[in-house]
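Here is a short report for a reader who is new to this structure. Look at the sequence and the model first, then read on.

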Amino acid sequence: MTTTAPRTETVPGGGSALAFPAGFLWGAATAAYQIEGAAALDGRTPSIWDTFARTPGKVRNGDTGDVATDHYHRWREDVGIMSDLGIGAYRFSIAWPRVQPTGRGPAVQKGLDFYRRLTDELLDKGIRPVATLYHWDLPQELEDAGGWPERATAERFAEYAAIAADALGDRVRTWTTLNEPWCSAFLGYGSGVHAPGRTDQVAALRAAHHLNLGHGLAVKALRAALPAEAQVSVTLNIHHVRSLTDAPADVDAARTIDGVANRVFTGPMLHGAYPADVLADTAHLTDWSFVRDGDLRTIRQPLDFLGVNYYTPTLVSAATDDAAHTSDGHRVSDHSPWPGGESVAFHRPPGETTAMGWAVDPTGLRDLLLALDREFPELPLVITENGAAFDDYVDPAGEVRDPERVAYLRGHLAAVHRAINEGVDVRGYFLWSLLDNFEWGYGYSKRFGAVHVDYATGTRTPKSSARWYARLARSGVLDA
Ligand code: FCB
């Protein structure tokens, strides 16, 4: 992914056009459980998300990924849509329980064949495949054996990474180990709003370490199996944490949350150590003795780029008794995704929100790109997810008009362009998501797609944002 400097051009009639560097990657992203369906076909067995979704009360409306967008059958149509839109790269995830159902032992060829066909079709259409190994669908058998809080899961993950690289390494040259390990560890084992739905702060911290270890072991397995030019990365949902005021206690609350949201991953992965303040903030929960000699060396592996997912900033303050009881500020509780953050209150950032209730704030993206560049100046960045949910519908003329999504994307891409102009090495952008899909605990109630999906019929309808993005992907110039 070579790049040249971005430019700003004046366009006739006023306004300005923001030209992205040549070679900038224009992509779209999805994840296996959110789109594939075919949950019990061709040897696939349940993952923790199948189990969680079937547990009453866990997912809105009792929705499951059993059928989802039926991409397992409609993959050719979906690649065709991307090709029509001029999308240059497709970030998808491989379903671990589809290729290695029990999480151990030999692979299921039918599962691998699905990804072989998909990637062949992508390459045929000139679309770069970008494969994520783990977008949250742990084989249920591995959870039954203890899941991510146990060290063995990291070892199993590396074996699965080797299987995937052996089967697809001849055609997939861009790999990501984990998607958002923060969600896997702290929503999965801390707050329990994600699968497997456990609420145990210590288990969440153990899971974070074993996800880090799994990442390091998987990078080694990928490097061993892939050609030298392959690119290997991880995707983190770096939280852009702001403090409500400049008061030292609020600034310290932001430091705490930045630690357990971001630095608990970037520390070991990129610096080779857990930050001392994270260990201190969580010392009342664990002594971290599950970190064994040599683990940090294994976790810190050279990466070709860092994937960054960004949707909205995080606003915090020190918790006061008042903050604990206001409608805006809610305080960390026992069932918290923030171990060590007991004295932090969370606030709703000001301004307009998406259908998720998330504040729209592109300055957060620019600020976090600049901060990452300051901390890791040699590491190229790729935005691996950014996008918004709105209450989209097909109008009587058969159109899906989503000007709010266009405005969201335009604002965030202008922020990316600004960061590039300020010297940050951003190589690409993947819109979340290609299709409306199963939005985890929200089921099908939230639509993030550039392409609308009618879940009763499977019919795909590109929204106006898809056409807007297609023009951008073709020209590389954003009309700001
Ligand atoms: C991210 C997930 C992705 C999607 C978006 C909205 O946290 O990686 O699967 O759900 O949020």
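A salt bridge is a side-chain nitrogen of Lys or Arg within 4 Å of a carboxyl oxygen of Asp or Glu.

## About the model

This is a predicted model, where local features need pLDDT of at least 70, side-chain atom pairs count only at pLDDT 80 or more, and totals for chains, interfaces and linings use all residues. Residues are numbered from 1 along each chain as its sequence is written, and side-chain values use heavy atoms, with hydrogens and water left out.

## Salt bridges

The structure holds 38 salt bridges. One of them joins the side chains of R76 and E121, at 3.1 Å from N to O. R76 sits in helix 3 (residues 71–85) and E121 in helix 5 (residues 109–124), so the pair ties together parts that are 45 residues apart in sequence. Helices here are DSSP runs of H or I with at least four residues, numbered from the N terminus. R76 is partly exposed, at 48% relative accessible area. E121 counts as buried, at 12%. Buried means under 20% relative accessible area, exposed means over 50%, and partly exposed lies in between (1.4 Å probe, protein chains only).

A second bridge pairs D281 with R255, at 3.2 Å from N to O. D281 belongs to helix 11 (residues 276–281) and R255 to helix 10 (residues 248–271), so this pair ties together parts 26 residues apart in sequence. R255 is partly exposed, with a relative accessible area of 27%.

R401 bridges to D395, and their closest N and O atoms are 2.9 Å apart. R401 is exposed at 55% relative accessibility, while D395 is buried at 15%. Salt bridges with shared partners also link R242, D361, R366, D367, R418 and E422 into one network.

## The nonpolar core

In soluble globular proteins, nonpolar side chains tend to be buried together. A nonpolar core is a set of buried Ala, Val, Leu, Ile, Met, Phe, Trp, Tyr and Cys residues joined through side-chain atoms within 4.5 Å. The largest one here has 151 residues. Which members touch the most others? They are W49, I94, Y115, W175 and F186. Helix 9 (residues 201–225) gives the most to this core, with 11 residues.

W49 has contacts (heavy atoms within 4.5 Å) beyond its neighbours within four places in sequence. Its partners are Y33, V59, W136, V193, H194, A195, F438, W440 and G441.

## A residue in helix 9

L213 is found in helix 9. It counts as buried, at 3% relative accessibility. Not counting residues up to four places away in sequence, L213 touches R151, A154, D295, T298 and I299. The C-alpha atoms of L213 and T298 are 6.9 Å apart, although 85 residues separate the two along the chain.

## Around the ligand

Which residues surround the ligand? They are Q34, H135, W136, N179, E180, Y311, E385, W432, E439, W440 and F448. A residue counts as near if one of its heavy atoms lies within 4 Å of the molecule.

Polar contacts are pairs of N or O atoms within 3.5 Å. The side chain of Q34 places an N or O atom 2.8 Å from a ligand oxygen. For E385, a polar side-chain atom lies 3.0 Å from an oxygen of the ligand. For E439, the distance from a side-chain N or O atom to a ligand oxygen is 2.7 Å. Taken alone, the ligand exposes 290 Å², and the protein buries 94% of that. Such areas come from the Shrake-Rupley method with a 1.4 Å probe.

Technical notes
Helix = DSSP H or I, 4+ residues; strand = E, 2+ residues; numbered from the N terminus. Polar contact = N/O pair within 3.5 Å; in protein donor to acceptor, adjacent residues only side chain to side chain.
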